[in-house]
Amino acid sequence: MAAGAKQHRPKRPSNQYEKGIQLYMTNVDYLSAATEIAREAGQILRNFSDRSVAVEYKGAFDLVTVADRTSEELVIRRLRERFPSHSIIGEEGGRVDNGSEYVWHIDPLDGTTNFAHGYPWFAVSIGLERNGEGIAGVVYNPITEEFYAAEKGAGAYLNNRRISVSPIDTLENGLFATGFPASKRKENVNVYYFHQFSVLTHGCRRAGSAALDLCSVASGRFEGFWEFGLKSWDVSAGLVIVTEAGGKFSDMRGGAYRSGDADMFASNGKVHEEALNLFARIRRGDMAAAIPAVPSTEPRA
Ligand code: IPD
Ligand code: CA
Ligand code: CA
C-alpha cells in the first residue's frame with residue numbers, strides 16, 4: 001500500500017466487530033508510525049546532549065537550541081512522508097495546514113531548559129488529534145529510555161508494559177506537579193497554587209517537562225498535574241496517555257479542556273474534585289494554608 005494510504009477515512013463498517021477491528025488497525029498504524037519517529041528524534045536529542053550546544057532565546061527566558069530544531073525537522077519530514085494529507089503543528093514553527101481532521105501536535109524537545117543545563121529530564125512528544133480529540137500519543141525520554149505510548153481505546157504503556165493511574169484518593173496523600181511557562185513569567189500567579197499544594201500534600205514537583213509530568217500521572221507516580229499557559233504540543237500526547245491509563249483531565253474549574261486552552265488539570269480521577277475545590281479557594285484568595293509573612297532581614301539576637 002502506498003505511503004500515507006491508511007490516513008483515509010475507513011469505509012463504513014458492516015457490523016460492530018468489523019468496526020472495532022478497523023478502528024484498532026487504523027490507530028495502531030498511527031501509533032507505530034509515531035513510535036518509530038519518536039525513537040529517531042530521541043536519538044537526535046541524545047546525540048546532541050553529549051556535547052554542548054549554543055542556546056538562543058525566543059523570548060527573555062524562552063530557550064531554543066539546534067537540538068529542538070533538528071528534532072522538529074526530522075519529525076515533520078517523517079510525518080509528511082507517511083501522512084501527506086494530515087495537518088501538523090510543531091513548536092518550532094513547523095506548520096502543515098491541509099485543513100485535515102487529523103492534526104499532529106509536536107514538541108520536538110519538551111524540557112529545553114533542562115536540556116540546555118544538562119539536567120537529564122526532557123522528551124520528544126508527538127500527539128495525534130482527530131477533530132480536536134486525542135487519538136494517539138507517544139512521549140520518549142531518550143536519557144532514561146522511558147517510552148510512553150497510548151492510543152484511544154487500547155490502553156497506555158510504558159516500555160510496552162501496561163500502566164495505570166494511582167489509587168490514592170486524597171490530596172494529602174498525593175504527590176503533585178506543576179510548571180511555569182517562560183512567557184509572561186512575572187504575571188504568573190501559579191506560585192500561590194504551588195505553595196498550597198506543597199504544604200497540603202506529600203509535595204509538589206516542578207520538573208520542567210509538561211509531557212513527562214503528564215506521563216508521571218499516567219504511570220501513578222503523581223496524582224495530579226496542572227499548569228497555566230500550556231500549548232497543544234506540550235499536552236496533546238500526554239493527555240491521551242493519561243486518559244488511557246484511567247485518569248482524567250479538565251480545565252482548572254472543572255470545565256472541558258482542549259489541548260492549548262488557558263489552564264489544565266490532569267489527575268488520577270480520584271483526587272480531581274478535591275483539587276478543583278482547592279483551586280477555587282486559591283482563586284478566591286482563601287488560602288487553606290496561610291502564607292507566612294516575609295521574614296525580617298534583621299540578624300537574630
Ligand atoms: C516547557 C516545559 C515546562 C513547562 C513550560 C513548557 P519547552 O516546554 O514543558 O515544563 O512548564 O510551560 O513551555 O519549552 O521545554 O518545550
Ligand atoms: Ca519544546
Ligand atoms: Ca514544551
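## Basis of the model

Helices (H or I, at least four residues) and strands (E, at least two) are DSSP runs, numbered from the N terminus, and in these terms helix 7 is followed by Gly-285, whose phi is positive, near 80°. The model is predicted, so that local features need pLDDT of at least 70 and side-chain atom pairs count only at pLDDT 80 or more, while totals for chains, interfaces and linings use all residues. Residues are numbered from 1 along each chain as its sequence is written, and chains are lettered from A and ligands numbered from 1 in the order in which they are written.

## The chain overall

The secondary structure of the protein chain comes to seven helices and 15 strands. Of its 301 residues, 42% are buried, a residue being buried if 20 or more other C-beta atoms, placed from the backbone, lie within 10 Å of its own, exposed if 12 or fewer, and partly exposed in between.

## The shell around ligand 1

Ligand 1 is surrounded by 15 residues, the closest being Asp-110, Thr-112, Gly-179, Pro-181 and Ala-210; a residue is near a molecule if its C-beta atom, placed from the backbone, lies within 6 Å of it. Strand 5 (102–110) and helix 3 (112–116) are the elements that give two or more residues to this shell.

Domain 1 (22–163) and domain 2 (171–283) each supply at least three residues to the shell, with the bounds taken from an automatic or database domain assignment.

## Helix 7

Helix 7 (residues 272–283) has twelve residues and reaches 17 Å from its first C-alpha to its last, close to the 16 Å expected at 1.5 Å a residue, where the expected span is 1.5 Å times one less than the number of residues. Within helix 7, Ala-275, Leu-278 and Phe-279 are buried. They lie on the same side of helix 7 because they cover an arc of only 105° around the axis, the arc being that of the directions from the helix axis to the C-beta atoms.

The cover over the buried residues of helix 7 includes helix 4 (190–200), strand 13 (224–228) and strand 15 (263–267).

## Two contrasting positions

Cys-204 lies in strand 12 (residues 203–205) and counts as buried, with 22 C-beta neighbours inside 10 Å. Leaving aside neighbours within four places in sequence, Cys-204 is in contact with residues including Phe-176, Phe-194 and Phe-197, contact meaning that the two C-beta atoms, placed from the backbone, lie within 7 Å.

Thr-144, by contrast, is found in the loop between strand 7 (133–141) and strand 8 (146–151), and is exposed, with 12 other C-beta atoms within 10 Å.
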